Every structure is written in C-alpha cells, then in structure tokens.
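Colleague: I am new to reading protein models. Could we go through this one together, one question at a time?

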Amino acid sequence: MLNALVIDTDPGLDDAHALAMALTPSAQRPHVPVAALCTVAGNTGIDAVTANARWLLGAYGEQAARTPVHRGAAGPLAGPGAEAAHIHGGDGLGDLTRWPVTEVKEDDVPAARALIDSARRDPGRITLVALGPLTNVALALRLEPRLPQLLKRVVVMGGAVHGRGNHTLNAEFNIVADPAAADLVLAHFPHLTLLTWDATLACPFTPDEFESFFGGETEAATTLRRIVHNRYLTDPGYADRSHYLRPDPLAMAVALDPTVVTRAVRHRVYVGYGPGTLQHGVTAVDWQDARSDRPPLTIVQELDRNRLLELLRV
Ligand code: BDR
Ligand code: CA
C-alpha cells in the first residue's frame with residue numbers, strides 16, 4: 001500500500017468533521033486511504049465513541065464504510081480521566097436522533113494492536129492522526145517500542161503551550177484526559193507534530209465559514225449539517241457563537257497537507273501529572289532548549305487560513 005492514515009479518535013463533534021475530511025473524496029484535498037480507525041475513551045465513554053465511529057462511517061457512504069473500526073482503551077493509563085459531554089452532548093454527537101444506516105462492524109483486533117499491525121505492514125508509510133487522549137498510542141508504544149521508527153509521521157491534536165487551557169485553567173482536554181500516556185508519547189516520537197489549542201484559538205471561523213464546510217451534497221456534508229443543526233437546537237449557545245473552533249479538523253488538515261503549516265517551532269514538550277493539582281495535564285515546553293532527555297517536536301504556530309477553508313470543506 002502507498003501512504004495511508006491510521007486515525008485514533010473519540011467522536012466527538014469535531015472528530016466527526018475530521019473523519020469526513022479523511023473519508024470524503026475532494027479535488028481540494030489529497031486522498032490518503034485510511035488503513036484503520038481506532039477509538040479511545042475521551043469526549044464520552046468507549047462504548048459511545050465506538051458506536052459513533054461505526055455509525056458515522058456508515059452514514060458517510062460506501063468508501064467510508066470499508067474502514068475497519070478497532071475499539072481502544074476504556075480509560076486512561078492512570079488517574080481520573082475526563083469527558084466533555086457538555087461540549088459534545090451526552091452521546092458525543094450533539095444528542096442526535098439518528099437515522100438508520102448500515103453501521104460498520106467492529107473489528108475484533110483491539111486498537112493498540114491494529115496500530116502496530118498497520119505500522120508493521122507498511123513501515124515508513126503510515127501517518128497516525130491522534131484526535132483524542134493518547135492512551136492507545138502509549139499502549140501501542142509499550143507493546144512495540146519500534147513504533148516511532150515504523151510510522152512515517154504522527155500528528156496529535158493536543159496541548160496548551162501558552163497556559164490557556166480548555167478543560168482546566170491551563171490544560172487542554174486530550175492531554176489532561178490521560179497525561180501519563182501523553183508524556184510517554186511526547187517523549188518518544190521525534191517526527192510528531194502538535195496541533196495545539198493555542199493554534200486552534202488562532203484560527204476562529206465565522207458562522208458563514210463554519211456552515212460552508214458542510215454546504216455540499218456529499219453524504220458526509222449532509223450528515224454533518226444535520227448533526228450541527230441539531231446541536232444548534234439542543235444547545236442554543238452553540239447557535240449564537242460569533243466564531244467556531246475546529247481543533248480536530250485542523251489536525252487532520254495538517255496530516256493531509258503539511259504545507260498548510262506556515263510557521264512552526266521545534267522544542268521538547270513535557271506533560272505534568274498530579275490529579276487535583278494545577279500541574280495535571282499541563283504541557284510545558286522547553287522554549288530555551290535547556291534539556292536533552294527527549295526529542296524535540298514540531299509545534300504548529302500558524303496555518304494558512306485560505307487553504308484551511310478548502311481543506312475543511314466536505
Ligand atoms: C479536543 O478535545 C475534544 O473535546 C475535541 O474533540 C478535541 O479533540 C480539543 O481540546
Ligand atoms: Ca477529539
């Protein structure tokens with residue numbers, strides 16, 4: 001197989017959009033086959049996110065429905081975990097009344113194993129896009145220490161590197177949901193790109209731009225339009241926003257078209273651990289390059305906004 005993606009995800013409203021970008025053909029986007037979709041507990045529990053993934057792939061049409069779905073970790077490696085039902089709805093998809101689709105079957109192989117198998121099958125050709133807590137990736141790394149060499153690239157949505165968190169005061173959701181896993185992953189993958197909450201805040205979309213992402217006639221656009229419009233009804237605050245943020249779609253954009261990154265820096269990143277303390281899930285950057293105990297990562301600073309408007313349209 002030529003280059004392919006493995007997507008690790010906890011769908012999730014913005015995950016659903018990112019999945020559509022990878023699975024919907026478009027003249028505006030490079031097409032990269034998806035070798036496997038792995039689920040991980042995050043925005044909601046593992047049963048709900050796995051059910052969401054299976055349903056979304058069924059709703060996104062024939063090509064998407066061929067993607068194998070692998071159930072992943074039901075909770076963090078250590079500590080209390082986190083969920084974000086207040087953002088994504090109790091079912092993770094905005095409390096949608098779903099219409100019947102032929103849901104994709106769940107594969108028996110667990111997520112961490114599937115990630116390793118994909119990487120071994122196509123060494124140097126798989127880009128891993130991690131859109132949820134990093135539990136599965138950390139487990140896979142423990143089972144296969146050569147994983148960093150086997151993967152072509154890793155793109156992670158996670159981290160708040162300037163002290164402004166979105167789940168706690170200073171921590172971003174995907175990292176604080178499993179800080180032990182995040183620290184392990186950030187310590188071991190030199191060709192990892194971090195699409196942070198800071199980069200997400202720097203790319204707000206107007207309501208019109210947001211709507212334009214789902215304005216088309218593809219099955220994915222129709223599905224996302226219904227999900228978003230339903231969310232407007234169930235959470236009136238969602239409808240009234242002056243702008244919309246799309247963290248996971250930005251990470252998917254970086255994975256599909258690295259040239260969308262117009263500025264990035266490389267530094268080491270560390271994750272704090274201490275449930276109940278202000279350090280829990282904090283991503284601390286070695287801005288002065290004072291340390292040498294882990295490889296530096298690429299931290300995205302700026303994205304090409306016009307290109308994003310093309311890439312996020314499904
Ligand atoms: C991340 O947290 C989740 O709620 C989103 O799906 C995204 O992956 C943003 O901090
Ligand atoms: Ca997510």
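Predicted model: local features only at pLDDT ≥ 70, side-chain atom pairs only at ≥ 80, totals over all residues.

Colleague: Are helix 1 and helix 14 roughly parallel or roughly antiparallel?
Modeller: Helices here are DSSP runs (H or I, at least four residues), as strands are (E, at least two), numbered from the N terminus. Axes are lines fitted to C-alpha atoms, for helices over the stretch in contact, and angles run from 0 to 180 degrees between N-to-C directions. Helix 1 packs against helix 14 (residues 247-256) at about 25°, with the axes 7 Å apart. Angles under 35 degrees count as roughly parallel, over 145 as roughly antiparallel, 65 to 115 as roughly perpendicular and the rest as oblique, and helix 1 and helix 14 are therefore roughly parallel.

Colleague: How many charged residues are in the contact of helix 1 with helix 14?
Modeller: Contact means heavy atoms within 4.5 Å. Among the residues involved are Asp14 and Asp15 of helix 1, and Asp248 of helix 14. Ala, Val, Leu, Ile, Met, Phe, Trp, Tyr, Cys and Pro count as nonpolar, Asp, Glu, Lys and Arg as charged, and the others, Gly among them, as polar. By these classes there are 8 nonpolar residues and 1 polar, and the number of charged ones is 3.

Colleague: Is the crossing of helix 6 and helix 9 left-handed or right-handed?
Modeller: These two helices pack at about 60°, with axes 8 Å apart. That angle makes helix 6 oblique to helix 9. A crossing is left-handed if the near helix is turned anticlockwise from the far one by less than a right angle, and right-handed if clockwise. The crossing of helix 6 and helix 9 is left-handed.

Colleague: Which residues of helix 6 does helix 5 meet?
Modeller: Helix 5 (residues 111-121) and helix 6 (residues 135-143) pack at about 60°, with axes 8 Å apart. From helix 5, the residues taking part are Ala111, Ala112, Leu115 and Ile116. In helix 6 they meet Asn136, Val137, Leu139, Ala140 and Leu143.

Colleague: Which residue has a side-chain N or O atom 2.6 Å from an oxygen atom of ligand 1?
Modeller: The residues around ligand 1 (a heavy atom within 4 Å) include His88, Met157 and Phe173. A backbone N or O atom of Leu131 is 3.0 Å from a ligand 1 oxygen atom. For the 2.6 Å distance, the side chain belongs to Asn43.

Colleague: Which residue does a cis peptide bond join to Pro11?
Modeller: Most residues other than glycine have a negative phi, and most peptide bonds are trans. Here the cis bond has an omega of about -15°.

Colleague: What is phi of Asp95?
Modeller: Asp95 is in the loop between helix 4 (85-88) and strand 4 (106-107). Its phi is positive although the residue is other than glycine, with a value near 55°.

Conventions:
Residues numbered from 1 in each chain as written. Chains lettered and ligands numbered in written order. Heavy atoms only, no water. Polar contact = N/O pair within 3.5 Å; in protein donor to acceptor, adjacent residues only side chain to side chain.
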